[in-house]
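Take a look at the protein shown here.

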Amino acid sequence: MARAYQQMREEIVQGAVAPGQPLFEIHLADRLGMSRTPVREALKVLTRDGYLEELPGRGYAVPRRSLDDMREFFELREILESAATRYAALRALPEEIERLEQLCERYAHERDHDAWSRIGTEFHDLVVRAARNTRLAGMLEALNAHIVMSRRSVALADAEEREAAIDDHRRICQAIKTRDAEQAHALATEHVRRSHTRTLKAYGPEAFVPPRRRSA
């Protein structure tokens with residue numbers, strides 16, 4: 001079951017399965033070269049974890065996200081990532097701080113957008129590792145996977161946004177280096193909020209399904 005779960009989750013997160021596209025147990029088992037039992041169990045767990053939704057009598061599908069979904073994802077990311085950055089300021093090893101400084105320099109000078117984004121991801125991953133909290137890291141990994149799969153295209157940063165992101169990383173790195181946990185927390189909060197704003201600017205409301213209706 002674990003292999004089926006991991007393979008299907010990776011395809012969903014990477015966008016190989018389009019939102020709303022029906023997925024059927026028998027077809028997945030044939031394509032993955034597995035029996036139906038591990039695939040069935042993996043589909044149940046993927047549904048529990050929010051990567052799929054069950055369509056009664058019609059298999060499963062990747063859910064279509066709303067603006068409310070994205071707001072909730074980024075609110076959670078703000079809480080978790082700012083906490084991780086605070087703990088990194090308290091617990092980061094000297095060699096991790098040195099690596100963060102190196103990543104900041106590479107981030108500032110990289111011109112290829114895809115490479116620039118990968119460096120940014122590496123920076124954030126290292127901050128989370130430096131927090132020394134495996135449960136927090138696991139929650140952030142799952143949350144960021146949901147954010148990635150909910151986006152409809154690559155959010156290209158303009159020159160102003162790029163400079164703001166570079167400055168954010170440098171300031172976060174400095175706060176971690178000087179062990180200023182409160183400043184690290186505040187800077188990470190601001191950085192995630194900026195990322196949310198850029199996401200909405202890049203995709204626009206038309207990229208999402210209508211917000212969910214709240215029950216009275």
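Predicted model: local features only at pLDDT ≥ 70, side-chain atom pairs only at ≥ 80, totals over all residues.

Now step back to the whole chain. The protein chain has 216 residues, and 45% of them count as buried. Its accessible surface comes to about 12,000 Å². Carbon and sulfur atoms account for 51% of that surface. The chain holds 9 helices and 2 strands. Follow them from the N terminus: the order is α-α-α-β-β-α-α-α-α-α-α.

Helix α4 spans residues 67–91, and helix α6 spans residues 113–130. Their axes lie 7 Å apart, at an angle of about 65°. The crossing of α4 and α6 is left-handed. Which residues make the contact? From α4 come Glu 81, Ala 84, Thr 85, Tyr 87, Ala 88 and Arg 91. From α6 come His 124, Val 127, Val 128 and Ala 130. Sorted by type, the residues of this contact give 6 nonpolar, 2 polar and 2 charged.

Stay with helix α6 for a moment. Trp 116 is found there. Trp 116 is buried, because its relative accessible area is 2%, and buried means under 20%. Trp 116 and Arg 106 are 10 residues apart in sequence. In space, their C-alpha atoms are 8.1 Å apart.

Now turn to charge. Side chains of opposite charge can pair when their charged atoms come close. How many salt bridges are counted in this model? The count comes to 18.

Return to Glu 41. Its side chain meets that of Lys 44 in a salt bridge, 3.8 Å from N to O. Both residues sit in helix α3, which covers residues 36–48. They are 3 residues apart, so about one helical turn separates them. Lys 44 is partly exposed too, with 46% relative accessibility.

The side chains of Arg 71 and Asp 68 meet in a salt bridge, at 3.6 Å from N to O. Here too the two residues are 3 apart, so about one helical turn lies between them. Their surroundings carry separate labels. Arg 71 is partly exposed, at 30% relative accessible area. Asp 68 counts as buried, because its relative accessibility is 16%, which is under 20%.

One more pair joins two helices. Arg 99 forms a salt bridge with Glu 122, and their closest N and O atoms are 2.7 Å apart. Arg 99 lies in helix α5, residues 94–109, while Glu 122 lies in helix α6. The pair therefore ties together parts that are 23 residues apart in sequence. Arg 99 counts as partly exposed, at 28% relative accessibility. Glu 122 is partly exposed as well, with a relative accessible area of 29%.

Notes
Residues numbered from 1 in each chain as written. Heavy atoms only, no water. Helix = DSSP H or I, 4+ residues; strand = E, 2+ residues; numbered from the N terminus. Buried < 20%, exposed > 50% of the residue type's maximum accessible area, 1.4 Å probe, protein only. Areas by Shrake-Rupley, 256 points an atom, 1.4 Å probe, with all protein chains shown as cover. Axes fitted to C-alpha atoms, helices over the stretch in contact; angles between N-to-C directions. Left-handed = near helix turned anticlockwise from the far one by under 90°. Contact = heavy atoms within 4.5 Å. Nonpolar A, V, L, I, M, F, W, Y, C, P; charged D, E, K, R; others polar. Salt bridge = Lys/Arg side-chain N within 4 Å of Asp/Glu carboxyl O.
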